[in-house]
Amino acid sequence: MGMMLKILHAVVDVPHEILVVYDDPADTTVPVVNRWKAVFPNLRLVHNQQGCGVANAIKSGVEAAHGDFVLIFAVDEVGPVIAIPEMISLMQDGCDFVSCTRYAHGGRRLGGSFVGGLLSRFANKLFQLLTRCSFTDATTGIKMFRRSIFDKVQLTARPVGWAVAFEMAIKAQLAGLVLGEVPIVSIDRLYGGTSTFSLGSWLVEYLRWFFWGVRRLHLFSGVKKVPVRVRMPSYQ
(Lines give C-alpha, C1' and ligand atoms only; values in the text may rest on other atoms or scores of the structure.)
Protein backbone atom coordinates (compact mmCIF):
# COMPACT_ATOMS: atom_id res chain seq x y z
CA MET A 1 0.00 0.00 0.00
CA GLY A 2 2.72 2.47 0.98
CA MET A 3 4.72 1.82 -2.19
CA MET A 4 1.64 2.32 -4.37
CA LEU A 5 0.78 5.60 -2.64
CA LYS A 6 4.32 6.88 -3.14
CA ILE A 7 4.22 5.99 -6.84
CA LEU A 8 0.86 7.72 -7.23
CA HIS A 9 2.22 10.82 -5.52
CA ALA A 10 5.24 10.85 -7.85
CA VAL A 11 3.30 10.21 -11.07
CA VAL A 12 0.11 12.26 -10.71
CA ASP A 13 0.86 15.98 -10.90
CA VAL A 14 -2.73 17.29 -10.93
CA PRO A 15 -4.98 17.83 -7.88
CA HIS A 16 -6.48 14.47 -6.96
CA GLU A 17 -7.90 12.29 -4.22
CA ILE A 18 -7.29 8.59 -3.58
CA LEU A 19 -10.30 6.55 -2.51
CA VAL A 20 -9.82 3.07 -1.07
CA VAL A 21 -13.14 1.23 -1.14
CA TYR A 22 -13.65 -1.63 1.31
CA ASP A 23 -16.59 -3.98 1.99
CA ASP A 24 -15.97 -5.15 5.56
CA PRO A 25 -14.99 -2.88 8.49
CA ALA A 26 -12.78 -5.75 9.67
CA ASP A 27 -10.78 -5.59 6.41
CA THR A 28 -7.05 -5.47 7.24
CA THR A 29 -6.68 -2.67 4.67
CA VAL A 30 -8.56 -0.21 6.89
CA PRO A 31 -5.92 0.27 9.64
CA VAL A 32 -3.17 0.43 6.99
CA VAL A 33 -4.95 3.24 5.15
CA ASN A 34 -5.60 5.07 8.42
CA ARG A 35 -1.88 5.05 9.19
CA TRP A 36 -1.00 6.45 5.76
CA LYS A 37 -3.61 9.24 5.92
CA ALA A 38 -1.20 11.26 8.06
CA VAL A 39 1.28 11.24 5.16
CA PHE A 40 -1.24 11.58 2.33
CA PRO A 41 -4.12 13.86 3.40
CA ASN A 42 -5.86 13.29 0.04
CA LEU A 43 -6.33 9.60 0.96
CA ARG A 44 -9.86 8.57 1.97
CA LEU A 45 -11.59 5.37 3.01
CA VAL A 46 -15.00 4.61 1.49
CA HIS A 47 -17.18 1.93 3.03
CA ASN A 48 -19.07 0.07 0.32
CA GLN A 49 -22.53 -0.50 1.76
CA GLN A 50 -24.24 -1.32 -1.55
CA GLY A 51 -23.28 -5.00 -1.43
CA CYS A 52 -20.09 -7.00 -1.96
CA GLY A 53 -18.28 -7.18 -5.27
CA VAL A 54 -16.37 -4.96 -7.67
CA ALA A 55 -19.45 -3.44 -9.32
CA ASN A 56 -20.83 -2.20 -6.00
CA ALA A 57 -17.40 -0.97 -4.92
CA ILE A 58 -17.18 1.09 -8.11
CA LYS A 59 -20.66 2.55 -7.52
CA SER A 60 -19.74 3.48 -3.95
CA GLY A 61 -16.45 5.04 -5.05
CA VAL A 62 -18.03 7.12 -7.83
CA GLU A 63 -20.75 8.31 -5.46
CA ALA A 64 -18.13 9.45 -2.94
CA ALA A 65 -15.74 10.99 -5.50
CA HIS A 66 -15.34 14.76 -5.81
CA GLY A 67 -13.29 15.00 -9.02
CA ASP A 68 -14.42 15.25 -12.63
CA PHE A 69 -12.40 12.20 -13.74
CA VAL A 70 -12.59 8.80 -12.03
CA LEU A 71 -9.95 6.07 -12.39
CA ILE A 72 -10.65 2.53 -11.22
CA PHE A 73 -8.02 -0.18 -10.72
CA ALA A 74 -6.92 -2.85 -8.24
CA VAL A 75 -4.47 -1.57 -5.64
CA ASP A 76 -1.90 -4.29 -6.38
CA GLU A 77 -1.16 -3.22 -9.98
CA VAL A 78 1.56 -0.68 -10.76
CA GLY A 79 1.02 -0.69 -14.56
CA PRO A 80 -2.07 1.54 -14.59
CA VAL A 81 -0.43 4.03 -12.23
CA ILE A 82 2.40 4.69 -14.67
CA ALA A 83 -0.17 5.19 -17.47
CA ILE A 84 -2.25 7.77 -15.56
CA PRO A 85 -0.67 10.87 -17.19
CA GLU A 86 -1.55 9.57 -20.67
CA MET A 87 -5.08 8.66 -19.56
CA ILE A 88 -5.59 12.15 -18.12
CA SER A 89 -4.20 13.69 -21.31
CA LEU A 90 -6.77 11.81 -23.40
CA MET A 91 -9.56 12.92 -21.07
CA GLN A 92 -8.42 16.54 -21.26
CA ASP A 93 -8.41 16.22 -25.07
CA GLY A 94 -12.10 15.33 -25.06
CA CYS A 95 -12.41 11.61 -24.30
CA ASP A 96 -15.27 10.49 -22.05
CA PHE A 97 -14.00 6.99 -21.35
CA VAL A 98 -10.42 5.66 -21.50
CA SER A 99 -9.39 2.03 -21.12
CA CYS A 100 -5.94 0.49 -20.84
CA THR A 101 -4.85 -2.38 -23.08
CA ARG A 102 -2.52 -5.31 -22.47
CA TYR A 103 -2.90 -6.68 -25.99
CA ALA A 104 -2.09 -3.90 -28.47
CA HIS A 105 0.18 -0.91 -29.13
CA GLY A 106 3.02 -2.54 -27.15
CA GLY A 107 0.93 -3.45 -24.10
CA ARG A 108 1.76 -6.66 -22.24
CA ARG A 109 0.41 -8.88 -19.47
CA LEU A 110 2.85 -10.50 -17.05
CA GLY A 111 2.23 -12.87 -14.15
CA GLY A 112 -1.12 -13.91 -12.76
CA SER A 113 -3.05 -17.09 -13.54
CA PHE A 114 -1.93 -18.81 -16.76
CA VAL A 115 -5.46 -20.03 -17.47
CA GLY A 116 -6.94 -16.61 -16.69
CA GLY A 117 -4.43 -14.87 -18.96
CA LEU A 118 -5.03 -17.31 -21.82
CA LEU A 119 -8.79 -16.96 -21.59
CA SER A 120 -8.57 -13.16 -21.38
CA ARG A 121 -6.42 -12.84 -24.50
CA PHE A 122 -8.52 -15.34 -26.49
CA ALA A 123 -11.83 -13.77 -25.42
CA ASN A 124 -10.74 -10.26 -26.39
CA LYS A 125 -9.48 -11.38 -29.82
CA LEU A 126 -12.62 -13.40 -30.53
CA PHE A 127 -14.87 -10.58 -29.32
CA GLN A 128 -13.18 -8.19 -31.74
CA LEU A 129 -13.58 -10.62 -34.63
CA LEU A 130 -17.30 -11.08 -33.97
CA THR A 131 -18.23 -7.48 -33.17
CA ARG A 132 -17.53 -3.85 -33.88
CA CYS A 133 -15.89 -3.46 -30.48
CA SER A 134 -13.57 -0.48 -30.45
CA PHE A 135 -11.35 -1.68 -27.59
CA THR A 136 -8.51 -4.18 -27.99
CA ASP A 137 -8.78 -5.13 -24.30
CA ALA A 138 -12.41 -4.71 -23.25
CA THR A 139 -12.05 -6.90 -20.15
CA THR A 140 -9.31 -5.00 -18.33
CA GLY A 141 -10.43 -3.44 -15.06
CA ILE A 142 -8.39 -0.29 -15.62
CA LYS A 143 -10.76 2.44 -16.77
CA MET A 144 -10.94 6.22 -16.49
CA PHE A 145 -14.16 8.11 -17.20
CA ARG A 146 -15.98 11.36 -16.58
CA ARG A 147 -18.03 11.14 -13.41
CA SER A 148 -20.85 12.94 -15.24
CA ILE A 149 -21.34 10.05 -17.72
CA PHE A 150 -21.38 7.24 -15.17
CA ASP A 151 -25.18 7.01 -15.11
CA LYS A 152 -25.18 6.31 -18.85
CA VAL A 153 -23.38 3.02 -18.24
CA GLN A 154 -25.94 1.60 -15.76
CA LEU A 155 -23.93 -1.25 -14.22
CA THR A 156 -25.86 -4.48 -13.68
CA ALA A 157 -23.06 -7.09 -13.51
CA ARG A 158 -23.28 -9.67 -10.74
CA PRO A 159 -20.69 -9.37 -7.93
CA VAL A 160 -18.33 -11.87 -9.56
CA GLY A 161 -14.76 -10.86 -10.35
CA TRP A 162 -14.07 -7.98 -12.75
CA ALA A 163 -16.73 -8.84 -15.36
CA VAL A 164 -18.15 -5.38 -14.65
CA ALA A 165 -15.20 -3.91 -16.58
CA PHE A 166 -16.31 -5.85 -19.68
CA GLU A 167 -19.84 -4.49 -19.21
CA MET A 168 -18.53 -0.92 -18.93
CA ALA A 169 -16.48 -1.18 -22.13
CA ILE A 170 -19.46 -2.45 -24.14
CA LYS A 171 -21.94 0.06 -22.76
CA ALA A 172 -19.52 2.98 -23.20
CA GLN A 173 -19.46 2.27 -26.94
CA LEU A 174 -23.22 1.74 -27.13
CA ALA A 175 -23.71 5.10 -25.37
CA GLY A 176 -21.73 6.85 -28.13
CA LEU A 177 -19.01 8.11 -25.80
CA VAL A 178 -15.66 9.42 -27.06
CA LEU A 179 -13.21 6.59 -26.38
CA GLY A 180 -9.48 6.38 -25.72
CA GLU A 181 -6.94 3.62 -25.10
CA VAL A 182 -3.50 3.52 -23.46
CA PRO A 183 -1.16 0.50 -23.58
CA ILE A 184 0.26 -0.78 -20.29
CA VAL A 185 2.56 -3.47 -18.98
CA SER A 186 0.29 -5.23 -16.49
CA ILE A 187 2.02 -7.19 -13.71
CA ASP A 188 -0.56 -9.22 -11.79
CA ARG A 189 -0.09 -9.88 -8.07
CA LEU A 190 2.97 -7.60 -7.91
CA TYR A 191 2.77 -7.36 -4.12
CA GLY A 192 1.78 -10.95 -3.46
CA GLY A 193 -1.45 -11.92 -1.75
CA THR A 194 -4.04 -14.48 -2.77
CA SER A 195 -5.83 -14.18 -6.09
CA THR A 196 -9.64 -14.29 -6.02
CA PHE A 197 -9.71 -15.82 -9.52
CA SER A 198 -12.29 -18.63 -9.68
CA LEU A 199 -12.57 -20.24 -13.11
CA GLY A 200 -16.13 -21.53 -12.82
CA SER A 201 -18.01 -18.51 -11.46
CA TRP A 202 -15.86 -15.95 -13.30
CA LEU A 203 -16.21 -17.76 -16.62
CA VAL A 204 -20.01 -17.85 -16.39
CA GLU A 205 -20.26 -14.10 -15.75
CA TYR A 206 -17.71 -13.18 -18.43
CA LEU A 207 -19.53 -15.39 -20.96
CA ARG A 208 -22.81 -13.68 -20.07
CA TRP A 209 -21.36 -10.30 -21.03
CA PHE A 210 -19.53 -11.76 -24.02
CA PHE A 211 -22.77 -12.95 -25.60
CA TRP A 212 -24.66 -9.85 -24.46
CA GLY A 213 -22.05 -7.71 -26.26
CA VAL A 214 -22.04 -9.89 -29.37
CA ARG A 215 -25.82 -9.51 -29.69
CA ARG A 216 -25.55 -5.71 -29.58
CA LEU A 217 -22.26 -5.03 -31.35
CA HIS A 218 -22.20 -7.80 -33.97
CA LEU A 219 -20.95 -6.95 -37.44
CA PHE A 220 -24.45 -6.53 -38.87
CA SER A 221 -25.99 -4.73 -35.90
CA GLY A 222 -25.83 -1.30 -37.49
CA VAL A 223 -23.72 -0.01 -34.60
CA LYS A 224 -20.74 1.90 -35.96
CA LYS A 225 -17.25 1.03 -34.81
CA VAL A 226 -16.13 4.09 -32.88
CA PRO A 227 -12.56 5.25 -33.53
CA VAL A 228 -10.41 5.06 -30.39
CA ARG A 229 -7.81 7.70 -29.61
CA VAL A 230 -4.53 6.07 -28.56
CA ARG A 231 -1.90 7.71 -26.38
CA MET A 232 1.48 6.01 -25.93
CA PRO A 233 3.07 6.15 -22.44
CA SER A 234 6.22 8.24 -22.19
CA TYR A 235 8.27 5.25 -21.00
CA GLN A 236 7.75 3.41 -24.31
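Buried here means under 20% relative accessible area, exposed means over 50%, and partly exposed lies in between (1.4 Å probe, protein chains only). Helices (H or I, at least four residues) and strands (E, at least two) are DSSP runs, numbered from the N terminus. The model is predicted: local features need pLDDT of at least 70, side-chain atom pairs count only at pLDDT 80 or more, and totals for chains, interfaces and linings use all residues. Residues are numbered from 1 along each chain as its sequence is written, and side-chain values use heavy atoms, with hydrogens and water left out.

Helix α5 spans residues 84-92. Its buried residues are I84, E86, M87, I88, L90 and M91. M87 belongs to this helix and has a relative accessible area of 0%, so it counts as buried. The C-alpha atom of M87 is separated by 7.9 Å from that of G180. These two residues are 93 residues apart along the chain. Just after α5, G94 takes a positive phi of about 120°.

Salt bridges come next. A salt bridge is defined as a side-chain nitrogen of Lys or Arg within 4 Å of a carboxyl oxygen of Asp or Glu. Side chains of opposite charge can pair when their charged atoms come close. The structure holds seven salt bridges. One of them joins the side chains of R231 and D93, at 2.9 Å from N to O. This pair links distant parts of the chain, 138 residues apart. R231 sits in the segment after β9 (228-230), and D93 sits in the loop between α5 and β4 (97-101). R231 has 24% relative accessibility and therefore counts as partly exposed. D93 is also partly exposed, at 46% relative accessibility.

A salt bridge also forms between D137 and R102, whose closest N and O atoms are 2.7 Å apart. D137 lies in the loop between α6 and β6 (143-146), and R102 in the loop between β4 and β5 (108-110), so the pair ties together parts that are 35 residues apart in sequence. D137 is buried, at 0% relative accessibility. R102 is buried as well, with a relative accessible area of 8%.

The closest N and O atoms of E167 and K171 are 2.7 Å apart. E167 has 0% relative accessibility and counts as buried. K171 counts as buried at 12%. Elsewhere, R158, E205 and R208 are linked in a network of salt bridges.

The surface carries a nonpolar patch. Patches are made of residues with over 30% relative accessible area and no salt bridge; like charges are joined within 9 Å, and nonpolar side chains (Val, Leu, Ile, Met, Phe, Trp, Tyr) within 5 Å. Accessible areas come from the Shrake-Rupley method with a 1.4 Å probe, and for residues only the protein chains shown count as cover. The patch is formed by F114, V115, L118, L119, L203, L207 and F211, with about 660 Å² of accessible area together. Helices α6 (114-130) and α9 (199-217) each supply at least two of its residues. The largest share, four residues, comes from α6. F211 lies in α9 and is partly exposed, at 47% relative accessibility.

A search of the whole structure finds one cavity of 30 Å³ or more. A cavity is a set of points, on a 1 Å grid over the protein atoms alone, where a 1.4 Å probe fits but cannot get out; lining residues have an atom within 4 Å of a point. Grid points are joined across faces, edges and corners, and a volume is the space filled by probe spheres set on the points. The volume of the largest cavity is about 30 Å³. Its lining consists of Y103, R121, N124, K125, Q128 and T136. One lining residue is nonpolar, three are polar and two are charged. In this grouping, Ala, Val, Leu, Ile, Met, Phe, Trp, Tyr, Cys and Pro count as nonpolar, Asp, Glu, Lys and Arg as charged, and the others, Gly among them, as polar.

Backbone angles complete the description. H105 is not a glycine, yet has a positive phi of about 60°. H105 is placed in the loop between β4 and β5 and is partly exposed, at 33% relative accessibility. Q154, not a glycine either, has a positive phi of about 50°. Q154 is found in the loop between α7 (150-153) and α8. At 52% relative accessibility, Q154 counts as exposed.

Methods. 1 Å grid on protein atoms, 1.4 Å probe; cavity = no way out; pocket = protein on both sides within 12 Å on 5 of 7 lines; lining within 4 Å.
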